[in-house]
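Work through the following exercises with the sequence and the model side by side. Each task is followed by a solution that goes step by step.

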Amino acid sequence: MSYVTGFLTPVKIKDKDRYIKSAEAAWPLFKGYGCLEHVETWGEDVPDGVNTSFPMAVKKQDDEVVVFSWLRWPDRKTADEAWAKMMEDPAMKDMDMPFDGKRMMWGGFATVFEDRA
């Protein structure tokens, strides 16, 4: 089964178009390193929580929205190798990243169930 790298980050509402352009520019790089799918989502129904929530996790400010994204890879080996190479790739270093990386969270996830309609 595939492997997924997931991301959660706050983005300034005013930077939505900039963020989308950044994601569009990143896709050829990810794809070139073996990524199968790149999905970016803009929070619309992301409630504040009492104990836990997406907004709490990224310390969202009033002028921000929570973005949830993922990259699907054929397997973990491909993902791990891709990230190692991308960290050295000058194209990655020059990329516009319109978000606070200190409040971004990410992780790698093994797929345990998958189906499609």
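**Exercise 1.** Which residue stands opposite Leu 8 in strand 4?

*Solution.* This is a predicted model, in which local features need a pLDDT of at least 70 and side-chain atom pairs count only at pLDDT 80 or more, while totals for chains, interfaces and linings use all residues. Residues are numbered from 1 along each chain as its sequence is written, and side-chain values use heavy atoms, with hydrogens and water left out. Helices (H or I, at least four residues) and strands (E, at least two) are DSSP runs, numbered from the N terminus. With strand 4 located at residues 105-110, the residue that stands opposite Leu 8 is found to be Met 105.

**Exercise 2.** Which residues line the second largest pocket, and of what class are they?

*Solution.* The lining includes Val 4, Phe 7 and Leu 8, together with Phe 68, Trp 70, Met 105 and Trp 106. Strand 1, strand 3 and strand 4 each supply at least two of the lining residues. By class, eight are nonpolar, two are polar and none is charged. The volume of this pocket is about 160 Å³.

**Exercise 3.** Where do the residues that line the largest pocket come from?

*Solution.* The largest pocket holds about 430 Å³ of space and is lined by 23 residues, with Phe 7, Phe 30, Trp 83, Phe 99 and Met 104 nearest its centre. Strand 1 (3-12), helix 1 (16-32), strand 2 and strand 3 (64-73) each give two or more residues to this lining, and the largest share, five residues, comes from helix 1.

**Exercise 4.** Where is confidence lowest in the protein?

*Solution.* On the pLDDT scale, the predictor's confidence in each residue from 0 to 100, the protein averages 93. Confidence is lowest in helix 4 (residues 90-93), at a mean of 76, and highest in strand 2 (residues 37-42), at 98.

Terms used: On a 1 Å grid over the protein atoms alone, a cavity is a set of points where a 1.4 Å probe fits but cannot get out, and a pocket is an open set with protein on both sides within 12 Å along at least five of seven lines; lining residues have an atom within 4 Å of a point. Grid points are joined across faces, edges and corners, and a volume is the space filled by probe spheres set on the points. Ala, Val, Leu, Ile, Met, Phe, Trp, Tyr, Cys and Pro count as nonpolar, Asp, Glu, Lys and Arg as charged, and the others, Gly among them, as polar. Two strands pair if DSSP finds at least two bridges between them.
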